Amino acid sequence: MSGKSNQRALDKKFKRGDHRISTRAGVEISAEVREPGLGRIEAMVIDLSLSGFRMRCMTRLTGEKNIFMTLPSFAAIESKICWIEGDFFGCEFVQPLHPAVFDHIVSRYPTLKVAEA
């Protein structure tokens with residue numbers, strides 16, 4: 001791959017796309033995220049699906065390493081950053097959520113609304 005085409009591929013990697021795998025639910029859940037080797041930082045998960053989530057995080061993440069996102073009362077979930085726009089990050093779970101886990105989150109946070117595509 002040439003240097004220019006490689007750079008274009010990297011630029012696209014961290015820009016938001018509209019390739020949704022599953023339906024999203026609008027949420028507002030305080031969460032913690034961390035990059036391996038660094039401390040935990042606060043984030044707000046603003047939508048969630050079986051395959052990933054979108055969050056707002058005031059601390060800059062590199063986007064070069066996988067991150068671990070922790071919702072209250074849940075184990076950390078390994079994810080990768082797919083795009084970055086300012087303070088917003090689109091992330092894909094390394095292993096998709098099981099539908100029962102997603103349903104449990106929805107029942108635990110009853111204010112969830114289905115987000116428009």
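Guide: There is one aromatic pair, where rings of Phe, Tyr and Trp (its six-membered ring) pair if their centres lie within 6.5 Å. A pair of aromatic rings is described by the distance of the centres and the angle of the planes. The partners are phenylalanine 53 and phenylalanine 93, with ring centres 5.4 Å apart and planes at 35°, so the pair is tilted; planes under 30 degrees apart count as stacked, over 60 as edge-to-face and the rest as tilted. The model is predicted: local features need pLDDT of at least 70, side-chain atom pairs count only at pLDDT 80 or more, and totals for chains, interfaces and linings use all residues. Residues are numbered from 1 along each chain as its sequence is written, and side-chain values use heavy atoms, with hydrogens and water left out.

Phenylalanine 53 belongs to strand β3 (residues 52-56) and phenylalanine 93 to strand β6 (residues 88-93), so the pair ties together parts that are 40 residues apart in sequence. Strands (E, at least two residues) are DSSP runs, numbered from the N terminus. Phenylalanine 53 is buried at 3% relative accessibility, and phenylalanine 93 is buried with a relative accessible area of 3%. Buried means under 20% relative accessible area, exposed over 50%, partly exposed in between (1.4 Å probe, protein chains only).

As for the cysteines, the structure has zero disulfides, a disulfide being a pair of cysteine sulfur atoms within 2.5 Å. For cysteine 57, the nearest cysteine sulfur is that of cysteine 91, 9.2 Å away. For cysteine 82, the nearest is also that of cysteine 91, at 6.9 Å. Cysteine 57 is buried, with a relative accessible area of 1%, whereas cysteine 82 is partly exposed at 25%.

Methods: Helix = DSSP H or I, 4+ residues; strand = E, 2+ residues; numbered from the N terminus.
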